[in-house]
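User: Hi, I'm new to reading protein models. Could you walk me through this one with some questions and answers?

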Amino acid sequence: MAQQLGHEPVDQAARSVRESFVQHQQRLLEHYRVDAVSRFVEIESPTLRVHVLDAGQGEPVVVLHGGDGEAVDWAPLMAVLQDRVRLFAVDRP
């Protein structure tokens, strides 16, 4: 069966969006010189998969944003604090 142009399977479209986000996130982290590891944490209750940026060393600090946005929005702050504390910036599910 021929595939129509512009109608990628959902998983292919989702993969493309994720790849684009990862590239943009990495560029922003590099711009602010934040050495962060991007990881996903599985939460049992409620069952969620949460994205976290982990950067820095020292006492742990959890960074949560109060509205729409992603953990990478904290890159400017992370750049300033990463030499003093270990930051866990969480995408709000």
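User: Let's start with Val90. Which element is Val90 in, and is Val90 buried or exposed?

Analyst: Val90 sits in strand 4, residues 85-90. Strands here are DSSP runs of E with at least two residues, helices are runs of H or I with at least four, and both are numbered from the N terminus. Buried means under 20% relative accessible area, exposed is over 50%, and partly exposed falls in between (1.4 Å probe, protein chains only). Val90 has 15% relative accessibility, so Val90 counts as buried.

User: Before we go on, what kind of model is this?

Analyst: It's a predicted model: local features need pLDDT of at least 70, side-chain atom pairs count only at pLDDT 80 or more, and totals for chains, interfaces and linings use all residues. Residues are numbered from 1 along each chain as its sequence is written, and side-chain values use heavy atoms, with hydrogens and water left out.

User: Which residues is Val90 in contact with, leaving aside neighbours within four places in sequence?

Analyst: Contact means heavy atoms within 4.5 Å. With neighbours within four places left aside, the contacts of Val90 are Val50, His51, Val52, Val62, Val63, Leu64, His65 and Ala71.

User: His51 is on that list. Which side chain does the side chain of His51 make a polar contact with?

Analyst: His51 belongs to strand 2, residues 48-56, and its relative accessible area is 5%, so His51 is buried. A polar contact is a pair of N or O atoms within 3.5 Å; within protein, one must be able to donate a hydrogen and the other to accept it, and residues adjacent in sequence count only if both atoms are side-chain atoms. At 2.5 Å, the partner of the His51 side chain is the side chain of Ser38.

User: How many bridges join strand 1 to strand 2?

Analyst: Two strands pair if DSSP finds at least two bridges between them. Strand 1 (residues 36-43) and strand 2 form a hairpin with four residues between them. The strands run antiparallel, and the number of bridges is eight.

User: What is the omega of the cis peptide bond between Ser45 and Pro46?

Analyst: Pro46 lies in the loop between strand 1 and strand 2. The peptide bond joining Ser45 and Pro46 is cis, and its omega is about -5°.

User: Is Arg33 buried or exposed?

Analyst: Look in the loop between helix 1 (10-31) and strand 1 for Arg33. Its phi is near 60°, a positive value in a residue other than glycine. Arg33 has 71% relative accessibility, so Arg33 counts as exposed.

User: And what about Glu70: which residues does Glu70 contact, again leaving aside neighbours within four places in sequence?

Analyst: Glu70 is in the loop between strand 3 (59-64) and helix 2 (75-81). With 32% relative accessibility, Glu70 counts as partly exposed. Leaving those neighbours aside, Glu70 is in contact with Phe21, His65 and Asp91.

User: Last one: in what order do the elements of the chain run from the N terminus on?

Analyst: The chain has two helices and four strands. Of its 93 residues, 24% count as buried. From the N terminus on, the order is α-β-β-β-α-β.
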